[in-house]
Amino acid sequence: MTYPERVKTDRVERSPSRFSMSTETVKRAYRRWANVYDVGFGSISRFARLGAVKAVNGLPGSEVLEVGVGTGLALPYYNESKFVTGIDLSTDMLAHARKRVQTCGCKNVRNLLEMNAENTSFDNASFDIAVAMFVASVVPHPRQLLQELKRIVKPGGYILFVNHFLAEKGVRRDIEYAMAHASHLLGWHPDFAMETLLPPEDIERAYIRAMFPMGLFTLVTLENCPR
Ligand SMILES: C[S@@+](CC[C@H](N)C(=O)[O-])C[C@H]1O[C@@H](n2cnc3c(N)ncnc32)[C@H](O)[C@@H]1O
């Protein structure tokens, strides 16, 4: 079995949005957001997050990587048969996740680590499932994230993304383009298109489902076929 090579972080790549953020900008943004995240974006995204965890719980395999675990909002909802490792760039978001694990007594959370999801220290094929909730439109190099997840998830395992993606047309698309000017404050890219994350062949074979509210978020499930 051949695995995709670890991709160097200085790789030149198409920008995820017209307003791409560096890892330092991401850390700064989430330092500001950490204390208010759960009541702000955390609540709007609740149904899509729970939908993604339900999808993970229904898949085979026990070793789960939650990418960009944030304040750990999803952690209490994994089945006991899933053992979860969470990673995030933000010390401040992780501090909230660690408190949550203590208060919820989530015994199936193996570890919460400060780590860049685009370039992790995990061995090839370490996980059965990787799930990235509202993270793909935040990382500086989404394709690099995808490659890294393909490397650390077992062949035949699953990679899930739940995210907001740029609307294909209409007023919503215009609004998303206008909002993209505030990406640095928001901490994500409203003008993030699915094609920026997934090559056409992955979009073709993925299971793609619109999520509540009003299809604002999309759940993408991809079986891992490393190339
Ligand atoms: C919008 S929040 C989502 C948090 C959580 N997944 C949820 O469902 O609420 C995005 C998170 O991704 C993290 N993040 C952004 N870029 C990252 C990277 N390259 N590696 C790891 N985490 C990253 C941020 O620090 C932040 O906690």
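Visitor: Where is the place of Ala125?
Guide: Ala125 sits in the loop between strand E3 (109–114) and E4. Helices (H or I, at least four residues) and strands (E, at least two) are DSSP runs, numbered from the N terminus. Mind that this is a predicted model, where local features need pLDDT of at least 70, side-chain atom pairs count only at pLDDT 80 or more, and totals for chains, interfaces and linings use all residues. Residues are numbered from 1 along each chain as its sequence is written, and side-chain values use heavy atoms, leaving out hydrogens and water.

Visitor: What makes the phi of Ala125 worth a remark?
Guide: Phi of Ala125 is near 55°, a positive value in a residue other than glycine. Most residues other than glycine have a negative phi. Phe134, in the loop between E4 and helix H5 (142–152), also has a positive phi, near 60°.

Visitor: Why does Phe134 count as buried?
Guide: Buried means under 20% relative accessible area, exposed over 50%, partly exposed in between (1.4 Å probe, protein chains only). Phe134 has 10% relative accessibility, so Phe134 counts as buried.

Visitor: Why is the link of Cys104 and Cys106 called a disulfide?
Guide: A disulfide is a pair of cysteine sulfur atoms within 2.5 Å. Here the S to S distance is 1.8 Å, so the pair qualifies. The link is left-handed, with -120° about the S-S bond, and a search of the whole structure finds 1 disulfide.

Visitor: Which of these is buried and which partly exposed, Cys104 or Cys106?
Guide: Cys106 is buried, because its relative accessible area is 9%, while Cys104, at 33%, is partly exposed.

Visitor: How do you know that the span of helix H3 agrees with what it should be?
Guide: The expected span of a helix is 1.5 Å times one less than its number of residues. The 12 residues of H3 (residues 46–57) should span 16 Å, and the end C-alpha atoms are 16 Å apart, so the two agree.
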